[in-house]
Protein chains: 2
Amino acid sequence: VRIVLDAMGTDHAPRTEVAGAIEALSELESDVEIVLVGDRDSIEAELSAYAEIPPGLTIFHAPDRVTAADPPASVIRRKPDSSIVVGLKLHKAGDADAFVSGGSTGAVMATSLFTLRPLPGVDRPAIGTVLPTSAEPCLLLDAGANVDSKPHHLVQFAHLGNIFAQDMMGRETPRIGLLNIGEEPGKGNELSVEAHRLLAAESGLNFVGNVEGRDIIRASCDVVVCDGFVGNALLKFYESVAAFIIQMLKKGLDVADTDVDLEDVFRVLDYSETGGAPLLGVDGVSIICHGGSTPKAIRNALKVASRAVRSNMVEHSARELAASIQES
Amino acid sequence: VRIVLDAMGTDHAPRTEVAGAIEALSELESDVEIVLVGDRDSIEAELSAYAEIPPGLTIFHAPDRVTAADPPASVIRRKPDSSIVVGLKLHKAGDADAFVSGGSTGAVMATSLFTLRPLPGVDRPAIGTVLPTSAEPCLLLDAGANVDSKPHHLVQFAHLGNIFAQDMMGRETPRIGLLNIGEEPGKGNELSVEAHRLLAAESGLNFVGNVEGRDIIRASCDVVVCDGFVGNALLKFYESVAAFIIQMLKKGLDVADTDVDLEDVFRVLDYSETGGAPLLGVDGVSIICHGGSTPKAIRNALKVASRAVRSNMVEHSARELAASIQES
């Protein structure tokens with residue numbers, strides 16, 4: 001398994017990426033290789049701080065870097081030598097099996113779409129996000145790749161989420177929920193009413209019906225599908241609430257003194273545990289991390305990428321979507 | 001100031017309502033009267049537990065009760081003797097200045113629309129919710145009265161929120177934000193792009209532009225407008241995250257032992273502090289409380305109702321909307 005890691009993505013690149021890659025290699029199977037794509041000198045400078053470089057770590061030079069100021073759709077044309085474009089082209093060419101980046105979400109998404117292309121049957125790839133809950137994590141998609149989705153897009157999201165939950169989260173028959181503002185089938189907006197109808201009629205999905213915002217943390221399903229506007233608003237809200245509470249609590253609490261397992265609370269709130277957001281529905285493995293990622297978050301994203309490759313998630317998704325198309 | 005309180009609304013009605021009303025009367029100005037509308041016998045049975053009944057408390061008998069099984073739009077026709085219909089008609093007739101209920105949100109909303117009617121210039125009244133943040137609370141609207149809103153509805157919500165924030169939250173020039181998934185004006189879905197254009201052109205509003213889910217808890221504005229679908233999903237998510245964390249923490253923490261002011265954390269997360277959700281844009285004061293409200297939440301909702309009456313919020317809203325219509 002060979003994973004390209006964009007070394008120039010996060011806010012503290014390439015330090016975070018180098019640390020995350022070295023952590024990942026010490027924990028992953030010995031056949032995993034990580035290719036750090038980015039400015040060779042900067043990467044080597046970071047590596048020089050380590051006494052020993054794991055054998056699976058190599059550097060692929062890419063002189064240019066995408067910044068927040070670059071319009072996402074223009075990156076592939078205007079920054080062909082950037083770590084994002086070079087890295088994704090390595091993946092596309094088969095020189096690597098997966099791509100991980102903590103760079104601009106828009107740029108990684110747009111460039112992944114251009115280079116990897118959507119799978120047949122996918123009109124709009126979606127960003128999946130694994131949300132911590134009070135029990136097992138829950139996959140939310142779309143977390144922001146698309147707005148103004150149509151009902152049949154949500155059905156495609158459901159299939160993509162279904163495969164991700166099986167291959168990556170170990171759920172045998174994932175429970176698929178539709179984010180809505182009421183439990184009954186007729187509730188919600190035009191999109192959710194029609195999407196409910198389509199999802200209920202779709203075979204091959206364990207559709208459990210509407211779920212509300214409150215059901216997510218209660219872990220009442222494995223996959224929640226929604227339009228990217230509401231998914232993104234929800235996600236950013238969750239992150240901020242969690243960060244705020246962690247900040248307030250960590251300030252003054254002595255964990256050893258309390259009966260409650262605070263680490264459990266923090267784990268529920270701690271985003272970096274989950275390891276990046278996959279762009280689902282493209283013909284390849286592309287994982288998007290926060291710009292503010294820690295080495296732990298990068299490490300976890302690399303593990304997610306490795307598992308996606310090993311489980312043949314992309315081929316599995318392609319088969320499921322082909323079956324869904326044939327049926328309809 | 002005379003407030004009708006639906007005594008049959010909450011999950012533990014009328015006990016919760018009676019306790020909340022008595023608490024409110026002991027704290028509010030002496031000219032406040034509360035009319036408990038509902039089954040006289042049940043209310044009197046609850047009142048018998050109190051050694052002294054405050055003089056401002058009276059009962060108005062309404063034999064019927066709305067349940068979750070009643071379709072909201074049919075309540076006014078099929079349950080004319082219910083506490084919701086009787087109470088709102090008392091308000092409409094001028095026998096009371098405001099209405100508070102912990103009954104079915106849909107039923108209170110629909111019946112308020114039918115009896116109180118929307119103010120001129122309001123196509124769709126909206127539910128406002130005061131969200132606790134890390135600093136001053138923030139009003140979110142619409143929290144679920146409408147779905148598939150049009151851009152001009154969001155402008156109306158902005159005006160309604162503007163007046164609420166002035167009269168009820170003490171903000172002199174409320175900062176109005178548009179919930180979106182990016183900061184720049186061109187970001188978002190069709191609704192938010194066009195709403196941004198309209199809001200930026202609207203005079204009489206301190207429009208601060210797009211705000212993201214993460215900006216709410218940071219208190220970056222006083223009023224956030226959005227469609228009711230995303231507002232409702234966000235709100236229910238917030239409540240559930242807050243309830244979950246409170247539950248985990250309260251289980252094992254000894255507040256006295258810690259340096260951090262846990263009560264501060266809980267206050268941020270504690271919904272009952274804010275006192276119900278007003279239905280804004282109707283020609284009257286109608287406050288909707290959770291079915292699971294505590295007496296404290298009912299007390300706070302009664303205080304909100306009292307303040308809305310005293311500040312002439314409804315007349316103020318009507319003037320602002322008339323000015324906005326005249327201009328456009």
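Tutor: A crossing is left-handed if the near helix is turned anticlockwise from the far one by less than a right angle, and right-handed if clockwise. Keep that for this predicted model.

Student: Which hand has the crossing of helix 1 of chain B and helix 11 of chain B?

Tutor: Take the geometry before the hand. Helix 1 of chain B spans residues 15-27 and helix 11 of chain B spans residues 295-310; their axes come within 7 Å and cross at roughly 50°. That angle makes helix 1 of chain B oblique to helix 11 of chain B. The crossing of these two helices of chain B is right-handed.

Student: Which residues in helix 11 of chain B meet helix 1 of chain B?

Tutor: Helix 1 of chain B contributes residues including T16(B), G20(B), A24(B) and E27(B). Facing them in helix 11 of chain B are P295(B), K296(B), I298(B), R299(B), L302(B) and K303(B).

Student: Why are helix 6 of chain B and helix 7 of chain B oblique to each other?

Tutor: The axes of helix 6 (residues 151-169) and helix 7 (residues 190-201) of chain B come within 8 Å. P151(B), H152(B), L154(B), V155(B) and A158(B) of helix 6 touch L191(B), E194(B), A195(B), L198(B) and L199(B) of helix 7. The crossing is right-handed. Helix 6 and helix 7 of chain B are oblique because they cross at roughly 50°.

Student: Which are the edge strands of the open sheet in chain A?

Tutor: Eleven strands form this sheet, with mixed pairing, in the order 3-2-1-4-11-10-5-6-9-7-8. Neighbouring strands are turned by 25° against each other on average, direction ignored. An edge strand pairs on one side only; here these are strand 3 (57-61) and strand 8 (206-211) of chain A.

Student: What is the bridge partner of F99(A) in strand 11 of chain A?

Tutor: Strand 4 (residues 98-101) and strand 11 (residues 286-288) of chain A pair in the parallel sense over three bridges. In strand 11 of chain A, F99(A) is partnered by S286(A).

Student: At what angle does helix 4 of chain A run to strand 4 of chain A?

Tutor: Helix 4 covers residues 83-92 of chain A. It lies across strands 1, 2, 3, 4 and 11 of chain A. To strand 4 of chain A, helix 4 runs at about 160°.

Student: How many residues has the largest nonpolar core?

Tutor: Those with the most contacts inside it include V224(A) and V224(B). Leaving aside neighbours within four places in sequence, V224(A) is in contact with residues including L139(A), L141(A), L179(A) and I216(A). The residue count of this core is 90.

Definitions and conventions: Residues are numbered from 1 along each chain as its sequence is written. Chains are lettered from A and ligands numbered from 1 in the order in which they are written. This is a predicted model: local features need pLDDT of at least 70, side-chain atom pairs count only at pLDDT 80 or more; totals for chains, interfaces and linings use all residues. Side-chain values use heavy atoms; hydrogens and water are left out. A nonpolar core is a set of buried Ala, Val, Leu, Ile, Met, Phe, Trp, Tyr and Cys residues joined through side-chain atoms within 4.5 Å. Buried means under 20% relative accessible area, exposed over 50%, partly exposed in between (1.4 Å probe, protein chains only). Contact means heavy atoms within 4.5 Å. Two strands pair if DSSP finds at least two bridges between them. Helices (H or I, at least four residues) and strands (E, at least two) are DSSP runs, numbered from the N terminus. Axes are lines fitted to C-alpha atoms, for helices over the stretch in contact, and angles run from 0 to 180 degrees between N-to-C directions. Angles under 35 degrees count as roughly parallel, over 145 as roughly antiparallel, 65 to 115 as roughly perpendicular and the rest as oblique.
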